[in-house]
Amino acid sequence: MKREAVQQWLDLQFGLFIHFGLYSLPGGVWKGKPITRGYSEQILSHGYLPQADYEALTSQFNLPEFDPKHIVATAKRAGMKYLVITSKHHDGFCLFDTATTDYNSTKAACRRDIVKDLSDECRKQGLAFGIYFSWIDWHFADALPISSHNSDQIPESHQKLNIAQLTELLSNYGSICELWMDMGAPTDEQSQEVYDLVQRLQPTCMVNGRIWNDKQDFLTMGDNQLPTVPLNCPWQTPASIYKETWGYRSWQVRGNRDEKIKELTNTARSVVKEGGNYLLNIGLMGNGAIQGFEQDVLEGIGDELAKEPLRRETMKRTLPRVLPDQACPKPLMLHRYTGTEYYSYRPIPTTLCWTLELDEDTRLSIGWLSEQGIAKEQKLCLEVGGNRYCSSLQKGRTSDFFITGLQLKKGTHEICLHTIGDELKRSELVDTTIRLVLRKEETL
């Protein structure tokens with residue numbers, strides 16, 4: 001894993017997500033009728049619109065109120081340290097200058113490269129900059145048809161388009177802190193191709209979990225979701241200011257300003273405290289401006305964070321204490337997420353943790369015990385005293401040793417037992433009922 005880049009990304013803590021595109025113009029309304037089905041940024045799909053009529057909105061995309069300086073300043077005012085913009089959403093309309101299609105903002109009425117405007121301004125004001133990119137593209141002729149779930153496969157010609165556009169984005173807009181892929185159902189090879197491209201062009205850029213197929217640098221929680229299990233890898237909660245939509249919706253019930261500020265500030269505190277990054281979304285209006293209520297909420301969050309900054313407290317996890325020659329307690333079980341697309345994304349247990357207390361220098365034997373025979377052979381790694389010891393657990397066995405004659409100093413030692421590999425790529429534990437067996441061999 002890119003350890004230094006991971007820490008730099010974690011230090012960002014709180015960012016502004018912006019959904020903006022042609023869908024911002026109708027704002028959840030088509031021919032005077034509110035489209036109540038689905039997110040407003042997917043109005044082309046959920047509203048069953050004629051695609052030609054929707055794409056004709058490029059002639060109205062003139063953005064008289066789009067002010068990158070104000071948008072970035074607002075993010076800073078809110079206490080945010082980075083910004084992520086939807087460079088291309090599912091509708092395929094690109095907010096950047098691209099040689100791959102005329103269906104982009106530089107050819108629309110505004111004649112602007114939105115990604116460049118925001119990336120340049122972030123650089124001027126000291127914010128890190130990231131890009132959202134949709135795996136799927138409803139505009140591209142060779143892509144699969146619009147579906148109800150958006151977890152569609154990526155035909156070969158479609159993948160070539162994605163690689164070409166991502167190459168432009170990763171080459172032409174300076175340093176990118178985060179690539180936020182979304183939806184689709186790419187093959188393992190397609191996910192790897194995108195990850196390799198990022199490594200070649202932007203080696204410090206962090207890639208989110210929706211690249212799929214376990215190729216990510218950090219896991220992405222479901223929309224507006226917080227972890228329900230303890231995690232031991234970098235993660236992010238993407239959340240919208242309203243759970244009902246990510247793109248601008250003119251008829252959205254916005255609620256009470258002060259209650260919204262309190263809710264979102266508390267969520268930001270919880271996410272960061274538990275070890276994650278919080279990416280909070282707004283939807284710019286069709287004229288390019290921040291909606292007034294959302295402007296007030298962002299400023300209110302900034303006021304709250306100025307009084308009490310965000311803090312990490314992941315090191316305060318309490319681990320069950322294990323003592324030599326005593327029954328081993330139930331461990332703290334840590335998880336990662338895995339899946340090939342959005343609807344298969346799920347947490348799996350990979351790591352068991354305890355604290356070992358020694359009142360004197362001690363020589364130990366450490367083994368394992370299972371409630372029932374191991375259902376399938378699996379290689380595990382025991383970490384203790386700063387060292388790692390690998391062992392193969394064989395099918396049908398109920399106990400064995402990891403190591404004998406292990407010399408440890410007096411004091412507290414964290415013990416972890418986990419499957420092999422990087423935290424984001426470890427396989428699932430075959431048996432989570434495993435407990436350690438620690439025996440003193442002699443006192444040193």
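A nonpolar core is a set of buried Ala, Val, Leu, Ile, Met, Phe, Trp, Tyr and Cys residues joined through side-chain atoms within 4.5 Å. The structure is a predicted model, in which local features need pLDDT of at least 70 and side-chain atom pairs count only at pLDDT 80 or more, while totals for chains, interfaces and linings use all residues. Residues are numbered from 1 along each chain as its sequence is written, and side-chain values use heavy atoms, with hydrogens and water left out.

The largest nonpolar core holds 86 residues, and F20 and L83 have the most contacts inside it. In soluble globular proteins, nonpolar side chains tend to be buried together. Contact here means heavy atoms within 4.5 Å. Beyond its neighbours within four places in sequence, L83 is in contact with L16, I18, I71, V72, L118, C122, L127, A128, F129 and G130. Another core, of 25 residues, lies apart from the largest one and includes C328, L352, W354 and L364.

F20 also takes part in an aromatic pair. Rings of Phe, Tyr and Trp (its six-membered ring) pair if their centres lie within 6.5 Å; planes under 30 degrees apart count as stacked, over 60 as edge-to-face and the rest as tilted. The whole structure contains 15 such pairs. In one of them, the ring centres of F20 and F61 are 5.5 Å apart and the planes stand at 35°, so the pair is tilted. F20 lies in the loop between β1 (14-19) and β2 (29-30), and F61 in the loop between α3 (51-55) and α4 (68-77), so the pair ties together parts that are 41 residues apart in sequence. Helices (H or I, at least four residues) and strands (E, at least two) are DSSP runs, numbered from the N terminus. Buried means under 20% relative accessible area, exposed over 50%, and partly exposed in between (1.4 Å probe, protein chains only). F20 is buried at 1%, and F61 is buried at 0%.

Y39 and W246 form another pair: their ring centres are 6.5 Å apart and their planes at 70°, so the pair is edge-to-face. Y39 is partly exposed at 24% relative accessibility, whereas W246 is buried at 4%.

Y39 leads on to a pocket. On a 1 Å grid over the protein atoms alone, a pocket is an open set of points where a 1.4 Å probe fits, with protein on both sides within 12 Å along at least five of seven lines; lining residues have an atom within 4 Å of a point. Of the 21 residues that line the second largest pocket, Y39, Q42, H90, M183 and D223 are the closest to its centre. Strands β1 and β6 (178-182) each supply at least two residues of this lining.

Two residues other than glycine have a positive phi. L63 has a value of about 55° and is found in the loop between α3 and α4, where L63 is buried at 3% relative accessibility. For N213, phi is near 60°; N213 is placed in the loop between β7 (206-207) and β8 (219-220) and is buried at 13%. Most residues other than glycine have a negative phi.
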